[in-house]
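Please keep the sequence and the structure in view while reading.

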Amino acid sequence: MSEEKNLDVAGMSSKEALGYFQAKLDEDARQAKKEGRLVCWSASVAPPEFCTAMGIALIYPETHAAGIGARHGSPDLLEVAENKGYDQDICSYCRVNMGYTELMKQQEETGVTPPTLEASPAGRVPLPDLVITCNNICNTLLKWYENLAKELNVPLINIDVPFNHEYPITKHAKRYIVGEFKEAIRKLEEICGRPFDYDNFFKVQEQTQRSIAAWNKISKFFSYKPSPLNGFDLFNFMGLVVAARSLDYAEITFNKFVAELEEKVKNQKWAFGENEKTRFTWEGIAVWIALGHTFKELKGHGSLMTGSAYPGMWDVSYEPGNLESMAEAYSRTYINCCLEQRGNVLEQVCRDGLCDGLLLHQNRSCKNMSLLNNEGGQRVQKNLGIPYVIFDGDQTDPRNFSEAQFDTRVEALCETMDEQKACEGGNQ
């Protein structure tokens, strides 16, 4: 569907379209449930193309949990999950989702909304009829979705993606993933009770590629100095590349954003006006529970985020109609690759954003993204000559984040970047 045909968003800004479509995704799922159509809960980097081709509504628990965290509603749901036996060391996305699931189950069984759910800012999304996951970002997803399938008594589709110990991705790895794709299709046919719609699947693949092409255009604006693009905006718009990349919702919104950024460049309207002093790469998931604080602290130092490898995880560019190409796209997430390739990606992000420093989030919830932080920082410092600092945090559990520690680390990074730039200026 072209933007002109989507009259609901004609005349909207990209930010308005983002809010509209995020709400519409939840409403689409609620409407599907009312009409007796299937609803699937999906991992964030699992391929949505298969379910979308079969007309199955998709909800993303990670995105849902991030939204709850940003609205400061995660503590109550974390408590529900932990009282059920889920340890605090488990990913907080998982715990928020399992807490939400427990309360929704209670509501369905009793017909009464539990007080904790009634008071929660969580957007109401229906429980799934099936779940689909993929271990191309972490293995916690496997046990998380197994538990969902068991507790809700729904089918589970798991797409196994091998870790890439070597790069480029091997032919046999891609062929293995294609086999996993075909098994997912077979299971969907069984669940839906009808043959897979390959014609629609090809159209969905084409739509996905249009959405991803528009998404990739946005980060190109980091190459401007000063930059019209504030990297924290990517964290917000990322909700649609996760949850709607196989729909035109994402394409429409991203194209609006690109047009707005082009206009800013034309009129020389920069993200920080004339106050951009330094630029940095943010490595890791956003601290959704403190998004405002983290942004304001950095802005106070005149330091603009112009790079992050995290949004690039959804650059699933591939050739529609070619399953091996699609398999490679869903296999090459930078945390599913060896240290050498991961380091290459991080260095390129720093170069593309013309960054002066690197800020690494040691995320208690996401061991896979945090494991190699120090090695990545050392490599960037050695090869690019830019400083780095690491702060402790969490994506949705406020008990694991200290504003004071974050502020101290940011101050140290900004002082070092300022000193280094002053020295470079004196040597010119």
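The model is a predicted one, and in it His-72 sits in the loop that runs between α3 (61-70) and α4 (74-83). The phi angle of His-72 is near 65°, which is a positive value in a residue other than glycine.

Asn-153 also has a positive phi although it is not glycine, the angle being near 55°. Asn-153 belongs to the loop between α7 (140-152) and β4. With a relative accessible area of 72%, Asn-153 is over the 50% limit and is therefore exposed.

Pro-168 is placed in the loop between β4 (156-159) and α8 (171-192).

The partner of Pro-226 is Lys-225, and here omega is again about 5°. This proline, Pro-226, is located in the loop that connects α9 (198-219) with α10 (231-243).

## Aromatic pairs

The count of aromatic pairs comes to 24. One of them is formed by Trp-282 and Phe-391, whose ring centres lie 5.5 Å apart with 65° between the planes, an edge-to-face arrangement. This pair links distant parts of the chain, since Trp-282 is in strand β5 (residues 278-283) while Phe-391 is in strand β8 (residues 388-393), 109 residues apart. Trp-282 and Phe-391 are both buried.

Trp-282 and Phe-391 also belong to a cluster that is linked by ring pairs. Among the other members of this cluster are Phe-232, Phe-235, Phe-272, Trp-288 and Phe-295, together with Tyr-310, Trp-314, Phe-401 and Phe-406.

## The chain as a whole

The secondary structure of the protein chain amounts to 17 helices and eight strands. Its radius of gyration is 21 Å, close to the 22 Å that the globule rule gives for 428 residues, and the chain is therefore as compact as a globular protein of that length. Taken along the principal axes, the box filled by the C-alpha atoms is roughly 70 × 50 × 45 Å. Of the 428 residues in the chain, 54% are buried. Among contacts with a separation of 6 or more, 77% are between residues 24 or more positions apart.

As for the surface, the protein chain exposes about 18,100 Å², and carbon and sulfur atoms supply 49% of that area. The chain carries 45 positive and 60 negative side chains, and the centres of these two sets lie 2 Å apart.

Methods:
Residues numbered from 1 in each chain as written. Predicted model: local features only at pLDDT ≥ 70, side-chain atom pairs only at ≥ 80, totals over all residues. Heavy atoms only, no water. Helix = DSSP H or I, 4+ residues; strand = E, 2+ residues; numbered from the N terminus. Buried < 20%, exposed > 50% of the residue type's maximum accessible area, 1.4 Å probe, protein only. Rg over C-alpha atoms; globule rule 2.2 N^0.38 Å. Contact = heavy atoms within 4.5 Å. Areas by Shrake-Rupley, 256 points an atom, 1.4 Å probe, with all protein chains shown as cover. Lys, Arg positive; Asp, Glu negative; His and termini not counted. Charge placed at Lys NZ, Arg CZ, Asp CG, Glu CD. Phe/Tyr/Trp six-rings, centres within 6.5 Å; stacked < 30°, edge-to-face > 60°.
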